[in-house]
Structure formats: structure tokens, C-alpha cells
Amino acid sequence: MGTLETTVVQTQIPTRLLVEGEALVKAGWFRDLDDLFIEALRRYLDAHHPELTERFLQQDVEWGLHGGD
Amino acid sequence: MHLDELLALDLLADFSAVLVPQAVWAEVDHHRPEALRHAEVSVSQTMVQVEADPAVDTLIQTLSLRAGKQAAIRLARQRPNAILLTDDAAARLAAEGLSLSVHGTLGILIRAIRRGQRTPQEVIGLLESIPA
């Protein structure tokens, strides 16, 4: 896919979670917090793919039946 | 491409234009070239300006979107009144994050009933023909 430019994203997270994340980075599980957050999001998407698909299908049905176009 | 596989590409005929980013055009032209030359559908190959857009760039990287999906997202972002058509979950998630109007093949099929392009029975037949 090639090298992608990175962008800084600001977000608010519970301090407790941040402390746990920093501990994982310090222990060597992740290169840095950015790496951890990206991996967490990718794993969430992998684990919830069926739920996402069902939601998208429901949205499609709703738009198909009642869309304004 | 899924609509063409279902022989239902004509369901896009009542959209004023179907814009296909160059990266997607190349892929479709390789696998299903006839989909780009449908007599009833106004399909146009479209160059996508890659503009600095932090929100798009972040979502593209985070969701690992490939070139075609990236281009489609960027094109939809530049056309506020457009509808992004994709069945890719990651691309739809990115589109939602950018508040883009996004729908998939099922939406087009169901819409065909509302628009009088197909009867409910015909759409059910198309849905049943989709491989599990």
C-alpha cells in the first residue's frame, strides 16, 4: 500500500485506560501509543465485522424503502 | 460490479451521473469492462484531486483503505450532493465518519422497488441469486 502520511488526532479517553496503555508500551507490547490505538481499532473492526455488516444492511433497506431521492 | 453481476446495472440509470474514480475504473475495466459501457447508465471516469484533508487521511490510514476506496472516499468528500456506493465495510465506516451519504448494493436493489424499476418479486429473485 506504500507509506502513508500520518495525522495527529486529538481525543479524550479515560485516564485509567491511558495508564494501562502506557504500561503495555513500556513493557514492549507496542512501539508507542499510536501503534496501540491503531491496533485496537483494527481488532475492533475485525471482531465486529458481522455487526457492522448487519447495521449497514439495515441502513440500506431503510434508505431503499424510504429514501428521499 | 455486483450490480452488473446481477444484471441490474440499469438500476443506476436514473442517477444523473455515475462517477468512477480512475483507480476504480482500472479495476472494473480489468474484471468487468462491460459494466463501464452500459447503454442506459451515464458512467464517467473521474480524476480525483488529492487535497490535504486530515480527517480523510486519518481514516484512510486507520482503516487501511486501498487505492480505489481511498479515491472513492475523496471523490465523495469533494461532491457534497453525491452518494457513495460501496459494499466495503471499512469504506462505509470511513464514509460515516465523514458524514458522507453511503449505500450499498442492497440499498440500490430495494430502492428499485420504490422507484418502480423492479417489482418486489423481481428484487427477491435477485437477492436469492446472490451466492451465500
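Predicted model: local features only at pLDDT ≥ 70, side-chain atom pairs only at ≥ 80, totals over all residues.
Chain A has three helices and zero strands. What order do the elements of chain A follow from the N terminus on? They run α-α-α.

How much of chain A counts as buried? The figure is 6% of its 69 residues.

Strand 1 of chain B covers residues 18-21, and strand 2 of chain B covers residues 43-46. The two run parallel and are joined by four bridges. For one position to look at, find V20(B), which stands opposite Q45(B) in strand 2 of chain B. Helix 2 of chain B, residues 22-31, belongs with these strands: strand 1, helix 2 and strand 2 make a β-α-β unit. Is that unit right-handed or left-handed? It is right-handed.

Next, the nonpolar cores. The largest has 20 residues. Which of them touch the most other members? Those are A72(B), I73(B) and A94(B). Several elements of chain B give two or more residues to this core: helix 3 (54-62), helix 4 (67-78), strand 3 (83-85) and helix 5 (89-97).

Let me stay with A72(B) for a moment. Leaving out residues up to four places away in sequence, A72(B) touches P21(B), V24(B), L84(B), T86(B) and A91(B).

How values were computed:
Residues numbered from 1 in each chain as written. Chains lettered and ligands numbered in written order. Buried ≥ 20, exposed ≤ 12 C-beta atoms within 10 Å, placed from the backbone. Core = buried A, V, L, I, M, F, W, Y, C linked by C-beta atoms within 7 Å. Contact = placed C-beta atoms within 7 Å. Pairing = 2+ DSSP bridges. Right-handed = clockwise from strand over helix to strand, strands pointing away.
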